[in-house]
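Subject: Handing over a structure

Hi there,

Here is the structure I promised to pass on to you. Have a look at it first, and then read my notes below.

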Amino acid sequence: MTPRQLFLRHQAQTSDFPLLLEIERAEGVYMYAPDGRRYLDLISGIGVSNVGHRHPRVLAGIQAQLDKYLHLMVYGELVQAVPAQLAEALHRTLPAHLDSVYFTNSGTEAIEGALKLAKRHTGRTELVSCLNAYHGSTHGALSITGSEGFKNSFRPLLPDVRHIRHNDFADLLLITERTAAVVIETVQGEAGVRVPSEYYLPALRRRCREVGALLILDEIQCGYGRTGTMWAFEQFGIEPDILVCAKGMGGGMPIGAFISSTEIMSGFKTNPILGHCTTFGGHPVSCAAALATLQVMQDERLAEGVAEKAARFRAQLHHPAIRDVRGCGLLMAVEFDSFEVLKPIIDHALAHEGILTDWFLFCDNSLRLAPPLTITEAEIDEACAALLRAIDAVVGG
């Protein structure tokens, strides 16, 4: 049987219409089918391949660790050089109080750990998050996801969850002395790239301090240079109590983390001991890939080039069918009238132009642009020309 037949017969599906694009290898911003056809990746595996596919230094880091050992023991028991070095390297990119890193296998697992940590530290139960927010698919993360349609089939979920409107100052008063934590994407992703106003996040930070709630920033999609700084919160003059990251940090390998102060994180040591456990969190191969990814980000100054590259996309993406181009760095949304207009454009771009993109879970009239940060000016020009041809082919010039 062919890989396609095996995929359809034995691999669990998440929709009735998978892309069914068969990829044999990938390099940089391109993916290649078995017949050699090349596809330009404009979504980075949904914000994962920030340093491009198979970056040589990431591969070298993985190989070096493969030559030493793989999994040895559950999280947090043995001293392993690479995870410890990665934790220290991450700390050096962050405010001083964010000095304790807990590694997980994914972003949704990191959210789960952050929620438990906030409840443990505050002794409170209420969790506050935003409407149209996406934080993951496990039960706790799904509970704070702000789309009823996305989660109703899986109830009952966590109790004592309240949702507020993103960027709405009046709703900040709904955060009270009952609130353990507010969980918010620094820049909303699946809502269609919604950037908060200049004063909203500082006001949220103040409100959390007033009532003693922790502020958890979800930078799973918008962190790691995606918005033009290493961490998106740097652009808003605030600091979180807990930071959650994943996706782009592994260079293509599965890894996530939640990061807080040693004081807050110490809550997992007692009452009970092993208050949060994972078998594969901090896997040495994933950590080796993540350490190499961070070093590439820093040495190649990838975040510093993001604003100019985003501006190059904006300068070219003009068409009567485009209603808006929103974004923060290379996390961008190109808005059309409806999903019925957008979906044929996405399909045409893939089938006829070799351009891979998609839409957003909670904003299906907007096309996602989140290419590897390594994309060149020539590749941006190629992508924009192809997208405009696809739009012309579907809706006319």
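Let me start with a pocket: by class, the lining of the second largest pocket has 18 nonpolar, 12 polar and three charged residues. In this count Ala, Val, Leu, Ile, Met, Phe, Trp, Tyr, Cys and Pro are nonpolar, Asp, Glu, Lys and Arg are charged, and the others, Gly among them, are polar.

Before going on, a word on the source: this is a predicted model, in which local features need pLDDT of at least 70 and side-chain atom pairs count only at pLDDT 80 or more, while totals for chains, interfaces and linings use all residues. Residues are numbered from 1 along each chain as its sequence is written, and side-chain values use heavy atoms, with hydrogens and water left out.

Back to the pocket. Its space comes to about 710 Å³, and of the 33 lining residues, Y75, G76, E77, V101 and Y102 lie nearest its centre. Strand β4 (100–104) gives the most to this lining, with four residues; α4 (81–91) and α9 (262–265) are also among the elements that each supply at least two. (Helices, H or I with at least four residues, and strands, E with at least two, are DSSP runs numbered from the N terminus.)

One cavity of 30 Å³ or more was counted, and the largest cavity has a volume of about 40 Å³. Its lining consists of L317, I322, V334, F336, I345, L367, L387 and I391, which by class makes eight nonpolar, no polar and no charged residues.

For both terms, a 1 Å grid is laid over the protein atoms alone: a cavity is a set of points where a 1.4 Å probe fits but cannot get out, a pocket is an open set with protein on both sides within 12 Å along at least five of seven lines, and lining residues have an atom within 4 Å of a point. Grid points are joined across faces, edges and corners, and a volume is the space filled by probe spheres set on the points.

Next, the domains, whose bounds come from an automatic or database domain assignment. Domain 1 covers 3–54 + 305–396 and domain 2 covers 56–300. Their C-alpha centres lie 26 Å apart, and 25 residues of domain 1 are in contact (heavy atoms within 4.5 Å) with 33 residues of domain 2.

Now for the sheets, where two strands pair if DSSP finds at least two bridges between them. Strands β5 (126–130) and β7 (179–185) run parallel, joined by four bridges, and V128 stands opposite V182 in β7.

β11 and β12 (331–335) pair over five bridges, with R326 and A333 as bridge partners. These two strands form a hairpin with two residues between them, and G329 in the turn has a positive phi of about 65°. Three bridges join β14 to β15 (363–369), where D358 stands opposite R368.

Enjoy exploring!
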